[in-house]
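Subject: Handing over the structure

Hi there,

Here is the structure I promised to pass on to you.

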Amino acid sequence: MNVIEQLEKEQQKTKVPALRAGDTVKVHAKVVEGTRERIQVFEGTVIRVTGGGLRQNFTVRRVTHGVGVERTFMIHSPRIDKIDVLRHGDVRQGRLYYLRGKVGKGARIRERRSALAASEPEAAPENGEKEEAEAQAEG
C-alpha cells in the first residue's frame, strides 16, 4: 500500500451508511457562523452517489416553498456529523436527474420494503421479561 492510500484510509469514517439513489436521508452538517458552530439538518432524496474512497460524495434534493434545492456532501467530510437514512427508495436508475422536471405526486419514489424489513428485525420479549414488565406495571 502506498503512502497516499494509507493517508486516505486514516481519514475515512468507519460508520458510513450504504447510500443509493432514491434513498431519503437526513444529513446533519456542521455550519460555522462567525465564531459559533451549529448543526444544520438537510433532509431530502439522494439523486446521485459518485466517486469512491475518500472522494465519495452524494447529492441530496428537496423542494422548499416550490423551489428545488440540491446540495452535494462529501461522505467522509469532518463537516458531516451524521447521516440518517429514513427510507430506501426503489428506483431503476443510478442518477435521478429526471426529478428536477417533476413536481408533487410525479416526484414520488416507491419504498423498497424488503431492505427495511431485513435491516430492522423486531425484538420480541421473552416470557420471563413479559411477566416482569407486567409485575412492575401493577406494583
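This is a predicted model: local features need pLDDT of at least 70, side-chain atom pairs count only at pLDDT 80 or more; totals for chains, interfaces and linings use all residues.

The strands form an open sheet of five, in the order 4-3-2-1-5, and the pairing is antiparallel. Strand 4 (67-74) and strand 5 (80-87) are the edge strands, each pairing on one side only. On average, neighbouring strands of this sheet are turned by 40 degrees against each other, with direction ignored.

If you want to walk through the sheet, strand 1 (residues 24-33) is a handy place to begin. Strand 1 pairs with strand 2 in the antiparallel sense over 10 bridges, and K30 stands opposite I39 of strand 2. These two strands make a hairpin with two residues between them, and G34 in the turn has a positive phi of about 70 degrees.

Moving on, strand 2 (residues 36-50) is joined to strand 3 by five bridges, again in the antiparallel sense. Two of the contacts to look up are V46, whose bridge partner in strand 3 is V60, and R48, whose partner in strand 3 is T59. The hairpin of strand 2 and strand 3 has six residues between the strands, and G51 there takes a positive phi near 80 degrees.

Strand 3 and strand 4 run antiparallel and are joined by eight bridges. Here V63 stands opposite G68 in strand 4. Their hairpin has two residues between the strands, with H65 at a positive phi near 55 degrees. What makes H65 worth a look in the backbone angles? Its positive phi occurs in a residue other than glycine. H65 sits in the loop between strand 3 and strand 4, and with a relative accessible area of 81% it is exposed.

**Salt bridges**

How many salt bridges does the structure hold? There are nine. As a reminder, side chains of opposite charge can pair when their charged atoms come close.

Take E8 and R55 to begin with: they form a salt bridge in which the closest N and O atoms are 2.7 Å apart. E8 belongs to helix 1 (residues 3-11) and R55 to the loop between strand 2 and strand 3, so this pair ties together parts that are 47 residues apart in sequence. R55 is exposed, at a relative accessible area of 52%.

E37 and R79 also meet through their side chains in a salt bridge, at 3.6 Å from N to O. Since E37 lies in strand 2 and R79 in the loop between strand 4 and strand 5, the pair ties together parts that are 42 residues apart in sequence. R79 counts as partly exposed, with 44% relative accessibility.

Another pair is R113 and E111, with the closest N and O atoms 3.9 Å apart. Is R113 buried or exposed? At 62% relative accessibility, R113 counts as exposed, while E111 is partly exposed at 23%.

There is also a network of salt bridges that links R61, E70 and R100.

**Pockets**

The largest pocket holds about 260 Å³ of space. Its lining is made up of G22, T24, T45, R61, R62, V63, R87, L99, K102, A107, R108 and I109. By type, these residues divide into four nonpolar, three polar and five charged. Which element gives the most to this lining? That is strand 3 (residues 57-64), with three residues.

D90, V91, R92, Q93, L96, Y98, L99, G106, R108, I109 and R110 line it. This lining divides into five nonpolar, two polar and four charged residues.

Best wishes

Notes. Residues are numbered from 1 along each chain as its sequence is written. Side-chain values use heavy atoms; hydrogens and water are left out. On a 1 Å grid over the protein atoms alone, a cavity is a set of points where a 1.4 Å probe fits but cannot get out, and a pocket is an open set with protein on both sides within 12 Å along at least five of seven lines; lining residues have an atom within 4 Å of a point. Grid points are joined across faces, edges and corners, and a volume is the space filled by probe spheres set on the points. Helices (H or I, at least four residues) and strands (E, at least two) are DSSP runs, numbered from the N terminus. Ala, Val, Leu, Ile, Met, Phe, Trp, Tyr, Cys and Pro count as nonpolar, Asp, Glu, Lys and Arg as charged, and the others, Gly among them, as polar. Two strands pair if DSSP finds at least two bridges between them. Axes are lines fitted to C-alpha atoms, for helices over the stretch in contact, and angles run from 0 to 180 degrees between N-to-C directions. A salt bridge is a side-chain nitrogen of Lys or Arg within 4 Å of a carboxyl oxygen of Asp or Glu. Buried means under 20% relative accessible area, exposed over 50%, partly exposed in between (1.4 Å probe, protein chains only).
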